[in-house]
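I opened this model to look up its contacts, its charged pairs and its helices. My entries follow in the order I made them.

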Amino acid sequence: MRRELSTEKLTIERVYVITSLDVFDATPAELAAWIRGHWGIEYLLHHVRDRTFREDDSKVRTGHLPRTMAGLRNLAISIFRQNGQTNIAAALRHTSRDHHRPLAVLGLT
């Protein structure tokens with residue numbers, strides 16, 4: 001259940017899950033934790049790719065380029081996260097202000 005802050009409208013969302021588990025193999029709490037874990041991954045990677053890199057607005061649509069660009073975006077996100085960055089947009093802005101910083105992040109200086 002979720003309440004929209006601007007309109008105060010209450011929204012109820014039903015989620016149907018298909019699993020190969022027997023009814024006795026997982027509790028509802030375990031299933032909910034697995035579902036939240038899935039959406040955590042969705043938020044950490046795809047949300048950053050959509051919002052920070054504006055991947056949906058990309059004009060790259062043919063051949064191998066879309067997959068290559070997605071791989072490069074994933075690499076950048078992974079490098080920043082590995083270096084302890086939690087705000088990828090801020091990390092990109094900081095890194096882009098000096099042409100030596102990307103090399104330093106990669107350990108190439």
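Entry 1: I started with Val48. Leaving aside neighbours within four places in sequence, I found Val48 in contact (heavy atoms within 4.5 Å) with Tyr43, Phe53, Ile77, Arg81 and Ile88. I then noted the ground rules. This is a predicted model, in which local features need pLDDT of at least 70, side-chain atom pairs count only at pLDDT 80 or more, and totals for chains, interfaces and linings use all residues. Residues are numbered from 1 along each chain as its sequence is written, and side-chain values use heavy atoms, with hydrogens and water left out.

Next I looked up the largest nonpolar core. Val48 belongs to it, along with Ile77, Phe80, Ile88 and Ala91, 5 residues in total. Helices α2 (65-82) and α3 (88-96) each supply at least two residues of this core. My rule for a core: buried Ala, Val, Leu, Ile, Met, Phe, Trp, Tyr and Cys residues joined through side-chain atoms within 4.5 Å. Buried means under 20% relative accessible area, exposed over 50%, and partly exposed in between, with a 1.4 Å probe and protein chains only. Helices are DSSP runs (H or I, at least four residues), numbered from the N terminus.

**Entry 2: salt bridges.** How many salt bridges does the rule give? I took a side-chain nitrogen of Lys or Arg within 4 Å of a carboxyl oxygen of Asp or Glu. The count comes to 3.

I went through the pairs. Arg49 and Glu55 meet at 3.1 Å, N to O. Both Arg49 and Glu55 are buried. Asp57 and Arg54 meet at 2.4 Å, N to O. In that pair, Asp57 is partly exposed at 44% relative accessible area, and Arg54 counts as exposed at 51%.

Arg73 forms a salt bridge with Glu55, with the closest N and O atoms 3.0 Å apart. Arg73 lies in helix α2 and Glu55 in the loop between α1 (28-51) and α2, so this pair ties together parts that are 18 residues apart in sequence. I also logged the side chains of Glu55 and Arg73 as a polar contact at 3.0 Å. The polar-contact rule asks for N or O atoms within 3.5 Å; within protein, one must be able to donate a hydrogen and the other to accept it, and residues adjacent in sequence count only if both atoms are side-chain atoms.

**Entry 3: the network.** Which residues are linked in a network of salt bridges? I got Arg49, Glu55 and Arg73. Arg73 is buried, because its relative accessible area is 9%. Glu55 also counts as buried, at 16%. Beyond four places in sequence, Arg73 is in contact with Arg49, Phe53, Glu55 and Ser58. With the neighbours again set aside, Glu55 is in contact with Arg49, Asp50, Ala70 and Arg73.

**Entry 4: helix α1.** I checked its length. The expected span is 1.5 Å times one less than the number of residues. The 24 residues of α1 should span 34 Å, and the end C-alpha atoms are 32 Å apart, which agrees. Where does α1 bend? I found a bend of about 30° at Tyr43, taken as the angle between axes fitted to the seven residues ending there and the seven starting there.

**Entry 5: Leu103.** Last, I looked up Leu103 in helix α4 (residues 101-105). Leu103 counts as partly exposed at 38% relative accessibility. Not counting residues up to four places away in sequence, Leu103 touches Leu108 and Thr109.
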